[in-house]
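Visitor: Hi! Could you walk me through this one?
Guide: Happy to, here it comes.

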Amino acid sequence: MSAQPEKPPRREESAGLMEYSTESLVPFGPIHPALKEPEYFKLVLEGERIVEVIPRVGYVHRGLEKASESRPWIQNMYMFERTCGICSFVHSVCYAQAVEGLTMFQVPARARFLRTIILEMERIHSHLLWVGLMGHWAGFDTLFMWVWNDREVVLDLVEAISGNRVHKSMNTLCGVRKDMPENMEDRIIERMKYLTDRARYYRDVIDTEETMLARTEDIGRVTADTAEKLCAVGPMARYVGMRRDVRLNDPYAAYDEVPFDIVTRNEGDVHALLRLRLDELVVSANIVSYAVKHLPDGPIRIKIPPTIPAGEHSSHCEAPRGEIFYFAKSAGGRTPERVKSRQPTLANIPTALEMLKGQTLADVPIVLTAIDPCFGCMDRMSFFDIDSNKKWTWSGEQLRQYGINKYFPERAKRQLHGQKFSSAGLGFKEKF
Amino acid sequence: MPKKQIGSAIPEMFREMLEKPSTEAYPFKPIIVPDRFRGKLDIDPAKCTGCSVCSLVCPSSVITMVDMGIRKLADRELKVRKPVFDLASCIFCGECVDNCAFNALEMTKQFELATPNKSDLLMKKVFT
């Protein structure tokens, strides 16, 4: 039996706590009513104000990327769709685009428009869900119920088109599986007009209602410089004035054929996020109406062979939470050699920590909800050794070395012979 | 900036009070699902030829092919195989229905699949 590991020192040195400090430490999570998924934030408080936040991510690691290496290309689509339970379609579109880039086939125009329609409907339903949650955490439960009632409108449309409310299973490689049902055009346009009116009404409510303003104004302030330095994506970048949107900067699907403009705001607080997402909802409703009116004729999919030519390709899309990124590598077989996915919440965590600094403890739920977190999507890897009760994570350099060792064994061997092996990689366990 | 006030949503509240409830009386009234709804998977055993394409395309390995004996066709002996569905792990994507060349599979509109016994979801319709 091995020796018992030494107990860690009681004092939290990483938090900079002194023995007689006025600072106190409040654990937030992993299980907390404000967090829909387990994630841990160590809050260092001075009085009631937060001075430091130490996150600990990785609780919902599911092994999606490794599992994808043992499944055929087309079946991975359904698995990556289940990365997120809210914005599921955008994951399958992003994965499909990464794989389509490896083939020589083009997606038909009608399929691209249908993808755009479903993507924007998904953005509407995700933003409405978020507005409702914000109302809930601000103590305005009436707003929560109204918004979620209106969310049913768009979910009914999605169900009528694709056959399911959340996991549409509508995408396929080089096309979509379901065509637009007949006589749906008028219904969609009429419902989008209704949603636009409702979004404008909610915007008036959050602008004038004092209970909402008291909880959101001047909360979670970040400057544009900080957000840019910390690589914020999606609405978290747009609410400080950055024009950062993949739909506009690098159009995919049919976004280059649909006229639209993104919304930005300059205030940089939680109230600006509310305004921004409600304005984006109007933009999305307009995109859906335009795309439904100008839906081109033609086939909706191309049947492609089950093997994908060897190569590497990456793709990025604008999910409701920000930019998502997929990388696919093929060795010419029926299964991928490597698929990498990066979700927007991971990119927004550093900005969220900056938002939390200087806030009171009571504002933590509303600020953490404001970034629209999807922790289950973002968790990719962490290590636990049950025998020695150790937990550790890898740095970027260690991950790179591991990748070289795994996928290019010859190169790793050359490295071993050329120089004395000292860095991370093979000896990673001893190092920690 | 508009004027701040308390209770700006009260007119909406009165309007909502006059409308009928948004919730559905679900267990007492059946829910009408759209035409494309993907519910419980069903098979027509008479149409199924046992080609096993559905078991190959299934993303969650719901479908397994079971040997059902040997069929004689002229002077050849052919293995008869039929699919068995474990609906407990079905993700209702409909990929098997799309790929069935003989229209033997169908997604019904039935969605009440909750059961205390997991083996109830093992569909062995082909054996009967």
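Visitor: Which domains is chain A divided into?
Guide: There are domain 1 (64-375) and domain 2 (391-432) in chain A, with bounds from an automatic or database domain assignment. This is a predicted model, where local features need pLDDT of at least 70, side-chain atom pairs count only at pLDDT 80 or more, and totals for chains, interfaces and linings use all residues. Residues are numbered from 1 along each chain as its sequence is written, while chains are lettered from A and ligands numbered from 1 in the order in which they are written.

Visitor: What separates the centres of domain 1 and domain 2 of chain A?
Guide: The distance is 36 Å, taken over C-alpha atoms.

Visitor: New topic: how many residues does the contact take from chain A and from chain B?
Guide: Chain A gives 20 residues and chain B gives 19 residues; a contact here has C-beta atoms, placed from the backbone, within 7 Å.

Visitor: And which element gives the most to chain A's side?
Guide: H5(A) does, with five residues.

Visitor: Now A:Glu48: where does it lie?
Guide: A:Glu48 is in the loop between strand S2 (40-46) and strand S3 (49-56) of chain A. Strands are DSSP runs (E, at least two residues) and helices are too (H or I, at least four), numbered from the N terminus.

Visitor: Why does A:Glu48 count as exposed?
Guide: Because A:Glu48 has 11 C-beta neighbours inside 10 Å; exposed means 12 or fewer, buried 20 or more, and partly exposed in between, with C-beta atoms placed from the backbone.

Visitor: What is A:Glu48 in contact with, leaving aside neighbours within four places in sequence?
Guide: A:Thr360 and A:Leu361.

Note on methods. Contact = placed C-beta atoms within 7 Å.
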